[in-house]
Structure formats: structure tokens, C-alpha cells
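Visitor: I am new to this structure and would be grateful for a close look at a single part. Please describe how the two chains meet.

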Amino acid sequence: MQSSSTAHLKIISEPSHTLLQCSGMWTLPYLSTVTYQLETLHPKSLLIWDVSNISELDSAGIALWHLYHRAFEKEGITSELIGINENHSKLYSLLYSGKNEIFSPPTRPSWLYSLGEGAHKNLTGITQFIAFLGEAFVLLFYTLLHPSKIRYRSIVAHIFTTGASALPIIAISAFLIGVVIAYQSIVQLQKFGADIFIVDTIGISLTRELAPLITAIVVAGRSGSAFTAQIGAMKMTQEIDAMKTMGFDPFTFLVWPRVIALMIVMPLLIFFADIIGIFGGMVIAQAQSNLSFTEFIHRLQGALALKHYMIGIIKGPFFAFLIAMVSTYRGMQVSSNTESIGYYTTKSVVNAIFLVIACDALFSILLTELNL
Amino acid sequence: MKHVIIEARDIVTSFGDTIIHDHVNCTVYENEIYALLGGSGSGKSTLLREMILLQSFQSGTLNVLGYNLTTITPLQAQDLRRQWGVLFQSGALYSSLSVGENIAMLYREYTDLSPKLIDELVALKIDLVGLPQHARYLFPSELSGGMIKRAALARALALDPKLLFLDEPTSGLDPLSSRQFDALIQQLRDLLGLTIVMVTHDLDTIHNSIDRFALLGDKKVIAEGRLSEVLQIDHPLVDYFFQKGSYGIKG
């Protein structure tokens with residue numbers, strides 16, 4: 001007798017049939033060797049399973065028997081079962097009570113179908129976003145006609161969280177960008193002995209392009225994602241539905257306060273980033289080519305025309321509008337399942353950064369054509 | 001005497017200054033359906049969480065399937081976890097996996113069965129809990145409340161546990177589904193020889209399918225035993241919980 005702490009299968013080939021002597025514990029942890037034996041078995045046309053020596057049987061053991069019983073039957077081999085005990089047969093009838101229909105998995109659509117579906121989804125996404133903007137503006141005009149409905153308190157709160165609390169991270173990013181630009185340009189300029197032009201490079205590139213862009217990217221990652229997550233969480237807990245039933249419009253209560261707050265804050269943040277970025281450049285100019293702070297500032301007054309600075313600041317509200325609108329729109333799209341909040345937050349940040357860069361490119365083309 | 005599956009002795013639990021359990025005792029025997037009852041905040045869910053190693057307690061001893069939970073080593077705990085199944089109140093199906101994958105995951109991680117056999121077993125478990133076969137390709141977000149409970153039960157039963165914990169199995173189900181669920185639990189107990197511990201509020205479940213229970217209140221176990229035994233006890237909380245004398249269960 002073999003030890004009973006594992007599953008055993010003894011294959012005996014008789015002239016008229018194949019006898020399978022099953023013994024031991026046909027339970028989940030012990031079935032892999034038996035599975036291998038059955039997989040490689042080529043039985044005669046009559047198969048007899050002797051299960052009288054099975055000491056313990058669970059659903060996995062029964063499933064294994066059923067699986068191969070069915071497979072052999074398909075090959076035209078008849079099976080017989082001998083020595084089954086009452087408990088095991090009860091368990092079998094509980095597990096296979098005749099309702100076991102076979103259901104094939106849903107077929108995957110072809111790649112062409114998926115491509116088309118994706119494109120269609122993107123197109124409808126754009127129309128939905130435009131519809132969202134339209135609805136938002138209808139409510140904006142309505143609120144402007146009834147100024148008492150403007151949520152000043154909410155706007156101020158958002159100015160604090162998106163503006164004042166963002167200063168440290170913006171300071172660090174802008175400073176580092178100033179350092180990087182100064183370092184890269186100074187090496188090139190020194191070759192021509194034109195060190196002094198570092199002031200022009202830093203002044204114009206930072207105020208006109210880099211400070212607005214870096215600020216917008218930091219804000220999109222920091223506040224945009226927060227907007228989507230906040231509104232998404234409210235959508236999931238049905239808070240937005242509750243607001244609607246009470247007649248509190250989500251656009252006036254949630255969307256516009258965020259958009260307006262961000263539009264007020266963004267130019268201020270860009271101005272802050274300008275100063276810190278130029279300071280970063282000054283530090284490097286002094287370290288690398290002994291250009292003193294006073295000299296730098298004196299030169300800056302001549303080199304940096306007001307228009308460059310103004311263009312950078314004016315971009316602020318545009319970027320802010322795009323970031324806040326996209327992130328609140330994505331927040332509203334969150335559905336009741338837990339995965340969607342992460343999905344839409346990611347989407348919101350990606351979309352916001354893309355739109356900011358596209359808008360910046362548009363500004364460049366437009367302003368060049370206008371000779372500004 | 002029947003085999004003891006879970007034994008709690010003098011459990012004390014507190015969160016900060018709030019005492020949840022003040023020397024709680026209870027015993028669960030093999031092959032019975034045991035319930036932890038009590039009002040909201042009576043600490044029954046906390047006790048269940050302590051039994052399944054999700055929460056620790058300040059003092060006392062808790063034995064589950066022969067393991068002492070205060071002195072258990074991480075490896076023993078891993079063994080113990082394979083011997084039970086847990087059905088959470090909200091199902092707690094992994095939302096990124098389909099129902100079939102939720103069940104199959106346990107086989108893939110803990111056994112070396114062939115993919116064909118895993119497939120067969122998943123189909124079998126789905127049948128067992130009364131879900132239609134096409135449900136295995138659906139994601140948790142596409143299921144109704146009752147289907148989520150059934151799918152979660154199928155997952156809890158995947159490794160053929162000897163001990164099953166259910167946290168409010170019938171909450172959120174309509175009365176008919178609740179009774180079907182009770183019947184299913186009883187059938188599983190009879191045929192698979194399971195021991196079942198549940199937290200419930202459902203008076204019908206208590207009346208129909210529970211063998212023994214512990215009633216928690218005032219930070220202690222007020223009563224433990226069969227319904228008929230407990231109803232003899234004269235205690236305001238027993239009267240309140242079973243709505244004695246009004247439209248509740250008649251003794």
C-alpha cells in the first residue's frame with residue numbers, strides 16, 4: 001500500500017480495458033502529478049476508474065475526474081466508475097447538478113475594429129468636451145446676471161490651495177530652470193566672448209516662454225489632478241446627484257470657482273516664477289563669468305522689453321482656463337467604479353499638459369505673424 | 001463533544017480610550033453556522049476582523065483552527081490563511097480582474113494545477129454559487145449587488161476552505177435573494193462540511209439558518225447559544241435586539 005498523504009494513480013492495462021486505480025488524497029495540493037499522468041494517458045476503448053481507495057476528495061479532485069472523463073468521452077472512450085462512496089457521490093451531485101453548460105468566452109474584436117472604436121471614442125470625446133464648455137458658459141452668463149450667486153468664498157479658498165500652497169514647488173522648479181538655461185547658454189556664449197548676452201537669453205526666454213510653461217505644467221500636475229480627484233470622488237459618492245436634486249448647479253458650485261480661481265492665480269504664479277528663474281540665472285552668471293548682480297540687473301533693464309514679460313503673463317489665464325476646464329470635465333466623467341477615478345485623473349493631467357503645449361505653440365505662431 | 005474551531009478567551013480591544021471589547025469569550029464548533037450579533041458599534045465586525053488577522057487585540061487569547069493568533073509566526077499565518085475563505089460585506093472583488101480571473105488567481109498563486117483544470121474549477125465554482133457561466137467574463141463593475149456577493153462567495157470557496165467567514169452576507173440583497181443565499185450557505189455547510197462564522201443583522205437569517213450565536217453589547221458577550229436558549233435570558237438588550245413581544249421573532 002502506498003502512503004496516503006498524496007494522490008496516486010496506478011494505470012493497469014488489461015486485454016479488454018484500462019483500469020485506473022485511484023487512491024490517496026485527491027485534493028487541491030496533490031493533484032499535479034496525477035494530472036500529468038492523465039494528460040499522457042492513451043487508454044483502450046473501455047476505461048474503468050476504481051475510486052474505492054480515495055481517502056479524501058474535494059472539488060478540485062472531482063473537477064479533475066470530470067474534465068478527463070469528458071475529454072476521453074469525446075475521443076469515443078467509455079468510462080465506468082466503480083467503488084464510489086456515498087459522500088463523494090453527494091458532493092459530485094452538488095457540484096455538477098446538471099446545470100453545467102459550456103460557455104465560450106466572448107470573442108475579441110479585430111484590431112481594425114478596435115482602432116475605429118478608439119477613433120470614434122476620441123471624436124465623441126471632443127464633442128462632449130465642447131458641449132461641457134457650452135453648458136459651462138450658459139451658466140456663467142446666468143451667474144453674471146445674478147452676481148449674488150457667485151461663490152466668492154469658494155473662489156478664495158481655491159486661490160489659496162492652488163496659488164499660495166503651490167509657491168514652494170514653483171520656486172524650486174523655476175530656480176532650477178533658470179540655472180539650467182544659464183549654464184547651457186554661458187558655455188556657448190563664452191566661445192564668442194559674448195558673456196554679457198546671458199542676460200538677454202535668460203530674461204527673454206524665461207519670461208516669454210519657460211516660466212509660463214513650467215508653471216502651467218506644475219499646476220496641471222498639482223491642481224489639475226486634485227480637481228479631477230475631488231470632483232470624481234463627489235461623483236462616486238453621488239454628492240453631485242444630491243446637489244442637482246437640491247437645485248445647486250455643479251457648474252456654479254464646482255466648476256467655475258475652480259476655473260476663475262486658477263485664472264486669477266496663474267499670472268501671479270508666472271510673475272513669481274519669472275523672478276525666481278531670473279535669480280537662478282543671476283547666480284550662475286556670477287559664478288561662471290563674474291557678472292555681478294547689479295550689472296546683471298542694469299543690463300536686464302535694457303535687454304528685456306516689456307512686451308516679452310507681458311506676453312508671458314497674458315498666457316497665464318489661457319493656460320489656467322484649459323487646465324481647470326479639462327480637469328473638472330474629466331472629474332465629471334468618473335463613473336461609480338473604483339478604477340475610473342485613477343483612469344480619469346491620469347487622463348486629465350495628460351490632456352491638460354498637451355493642451356497647454358498646443359496653446360503655447362499657437363501663441364508663438366500668432367505673435368510671430370503679428371511681429372511681436 | 002464536537003471539535004472546537006475558534007475559541008476566544010478574555011479578548012480586550014480598545015482604540016485609544018474607547019474600549020470595544022471588555023473580556024469577550026466565545027466558542028465556535030466544527031460544522032456549525034455561528035453568528036456574531038449585536039447593534040451598530042457593538043464590536044462584532046471588529047471581533048471578526050481579529051479572527052481573520054486583520055486587526056490585533058490588547059489582551060486575551062484567540063485560537064483559530066488550532067493556531068494561537070497572538071503567537072503565530074508569519075509562515076504559520078500564511079498556512080492558516082489558505083484554510084479559510086472570507087466574504088467581505090461589499091464583495092471586495094479585485095476591480096481590475098474579471099470574475100473568472102478573481103477566482104483563478106488563487107489557484108495560480110497557490111497550486112500547480114494545469115490551466116485546463118483551473119478553467120474547469122472556475123466554471124464549477126461559478127455554478128456552485130448559482131451564477132450564470134457568462135458572468136466569469138464580466139468585471140465587478142458590471143455586476144449587480146447580488147451577483148457581486150455570489151462571485152465573492154465563489155472566490156472565498158476557491159481553495160475548498162474548511163472555515164468560511166461572512167461579513168453581512170445578505171445586506172443589500174432583496175428578501176428573495178437573501179433567502180436563496182441562506183439556503184446556499186446551509187447546503188454548503190451540509191455537503192462540504194464547512195464551519196461558517198458570520199456577522200449579520202438579518203432576523204430571518206438568524207431564525208432560519210443559524211445554529212448558535214453570540215450577542216454582543218455593553219462591550220461583552222451578553223448571551224451565547226441557540227436562539228431558543230438565548231430567548232430565555234432576561235436582559236434588556238436581548239429583548240431589544242429580538243423585538244420580543246412586538247412584531248419580531250416569537251420565542
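**Where chain B meets chain A**

Guide: Between chain B and chain A, 5 residue pairs are in polar contact, both residues being at pLDDT 80 or more; a polar contact is a pair of N or O atoms within 3.5 Å, where within protein one must be able to donate a hydrogen and the other to accept it, and residues adjacent in sequence count only if both atoms are side-chain atoms. On the side of chain B that touches chain A, the elements that give two or more residues are α4 (115–128) and α6 (175–192) of chain B, helices being DSSP runs (H or I) of at least four residues and strands (E) of at least two, numbered from the N terminus. Of these, α4(B) gives the most, with 8 residues. By class, that side of chain B has 12 nonpolar, 8 polar and 6 charged residues; here Ala, Val, Leu, Ile, Met, Phe, Trp, Tyr, Cys and Pro count as nonpolar, Asp, Glu, Lys and Arg as charged, and the others, Gly among them, as polar.

The model is predicted: local features need pLDDT of at least 70 and side-chain atom pairs count only at pLDDT 80 or more, while totals for chains, interfaces and linings use all residues. Residues are numbered from 1 along each chain as its sequence is written, chains are lettered from A and ligands numbered from 1 in the order in which they are written, and side-chain values use heavy atoms, with hydrogens and water left out.

In extent, 26 residues of chain B are in contact with 29 residues of chain A, contact meaning heavy atoms within 4.5 Å. About 2400 Å² is buried between chain B and chain A, with carbon and sulfur atoms giving 65% of that area; buried area is the accessible area (1.4 Å probe) that two parts lose on being put together, summed over both. In chain B, the residues that lose the most area to chain A are Glu120(B), Asp127(B) and Tyr137(B), together 23% of what that side buries.

Charged pairs also link the chains. There are 2 salt bridges between chain B and chain A, a salt bridge being a side-chain nitrogen of Lys or Arg within 4 Å of a carboxyl oxygen of Asp or Glu. Arg70(A) forms a salt bridge with Glu120(B), with the closest N and O atoms 3.0 Å apart. This pair joins two chains because Arg70(A) lies in helix α2 (residues 59–74) of chain A and Glu120(B) in helix α4 of chain B. Lys116(B) and Glu39(A) likewise meet through their side chains in a salt bridge, at 3.5 Å from N to O.
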